[in-house]
Amino acid sequence: MIVLGAVLFAGLGALTSLRVLREYERAIVFRLGRARKQALGPGVVLMLPFGIDRSTTVDTRTKVIQIPPQEVITRDNISIGVDAVVYIEISSPMDAILRVEQYLPATLQLAATTLRSIIGRMELDEVLAKRAEINTEVQEILEARVEQWGVNITAVEIKDISLPAEMKRAMARQAEAERERRAKIIMSEGELQAAQRLAEAARLMAADPAALQLRLYQTMVEVAAQPNMTIVLPVPIELLAGGSPGQAAQMAQMAQAAVTAVQALAAGTANARQLAAAPAPAAEAAEATDALKTLLAEPKPDAKVPR
């Protein structure tokens with residue numbers, strides 16, 4: 001009986017002293033309260049039975065720590081909410097157990113405090129535009145602090161930045177005003193380029209007056225093609241400012257020819273050919289010439305230009 005009891009006692013002790021650890025698990029063994037020099041595992045681990053060796057298992061896989069939304073006041077006194085995630089892995093299971101009570105809550109509190117501290121030193125525009133810089137700075141600070149705990153920070157990412165509703169509306173108005181400013185600048189640049197091209201065209205036409213007359217006729221053709229349009233004929237300024245009788249007669253003939261061309265365009269293709277082939281009545285042309293000569297020879301303050 002004694003031998004049988006001893007065998008059963010030895011078998012029970014052998015069963016309680018064997019442990020199997022997975023590939024990602026490490027066991028920190030305390031023998032009579034003192035930690036052994038190295039972590040055990042993975043595989044089959046043999047420990048002394050009957051409470052002589054006690055172990056704590058550490059998971060070495062990458063862990064995700066969710067930082068809850070933090071209420072932060074930026075440097076320009078705007079309250080925002082920020083939440084982020086921190087990815088950690090255990091580089092030293094011994095330090096993670098022996099140097100800090102609970103490494104996961106400790107890392108979470110340190111990450112939240114660091115995030116609030118960094119964002120509190122920045123303005124809202126910087127927070128919105130420099131997420132990558134904030135992530136890098138938080139990661140560097142955390143790595144320096146948790147390295148002694150055997151924890152390695154692999155990444156820090158800001159998930160969301162929540163703004164007050166009033167601030168969202170103000171930012172929308174600001175973005176709209178910025179778009180309008182850009183549109184006006186682009187429009188003004190287009191007008192400047194068009195004015196430069198028109199000035200260059202005016203210089204070319206000034207060298208040859210016939211080109212300006214042809215351009216006038218082309219414009220009249222384009223205007224006459226539209227129905228129910230009022231056609232305005234430009235009168236040369238020389239007729240109002242005064243000139244020689246010969247120039248007045250020439251201007252009158254040009255005006256009569258222009259009126260004839262417009263009438264031909266308005267009447268249609270067939271009537272246009274008839275009006276273009278028929279010369280202007282001599283009596284009407286002479287009357288117009290005499291009226292212009294009288295107006296230019298004796299100008300009066302209340303004189304009206306005949307239409």
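**Entry 1: residues with positive phi**

I began with Leu32, which is found in the loop between strand S2 (25-31) and S3. The model I am reading is a predicted one. I noted for Leu32 a positive phi of about 55°, although the residue is not a glycine. Is Leu32 buried or exposed? I recorded a relative accessibility of 69%, so Leu32 counts as exposed.

I then turned to Asn77, in the loop between S6 and S7. Asn77 is not a glycine either, yet its phi is positive, at about 60°. With a relative accessible area of 67%, Asn77 is exposed.

**Entry 2: a cis peptide bond**

I looked up the bond from Gly41 to Pro42 and found it to be cis, with omega near 0°. Pro42 belongs to the loop that runs between strand S3 (34-35) and strand S4 (43-46).

**Entry 3: the sheet**

I followed an open sheet of 3 strands, with antiparallel pairing and the order S6-S7-S8. Which strands stand at the edges? They are strand S6 (63-73) and S8; each has a single partner strand, so one side of each is left without a neighbour in the sheet. I noted that neighbouring strands of this sheet are turned by 20° against each other on average, direction ignored.

I next examined the pairing of S7 with S8, which is antiparallel and extends over 10 bridges. Tyr87 stands opposite Ala155 in S8.

**Entry 4: helices across the sheet**

I checked which helices lie across these strands. H3 lies across S6, S7 and S8, and runs at about 35° to S6. H5 lies across S7 and S8, and its angle to S8 is about 145°.

**Entry 5: helix H5**

I looked at H5 (residues 131-146) in more detail. This helix has 16 residues and reaches 22 Å from its first C-alpha to its last, close to the 22 Å expected at 1.5 Å a residue.

Which residues of H5 are buried? I listed Ile134, Asn135, Val138, Leu142 and Val146. Because these residues cover an arc of only 100° around the axis, they are on the same side of H5. On the face turned away from this buried side, I found the exposed residues Glu140 and Ala144.

Finally, I asked what the buried residues of H5 pack against.

Methods. Residues numbered from 1 in each chain as written. Predicted model: local features only at pLDDT ≥ 70, side-chain atom pairs only at ≥ 80, totals over all residues. Heavy atoms only, no water. Helix = DSSP H or I, 4+ residues; strand = E, 2+ residues; numbered from the N terminus. Expected span 1.5 Å × (residues − 1). Buried < 20%, exposed > 50% of the residue type's maximum accessible area, 1.4 Å probe, protein only. Arc of directions from axis to C-beta. Contact = heavy atoms within 4.5 Å. Pairing = 2+ DSSP bridges. Axes fitted to C-alpha atoms, helices over the stretch in contact; angles between N-to-C directions.
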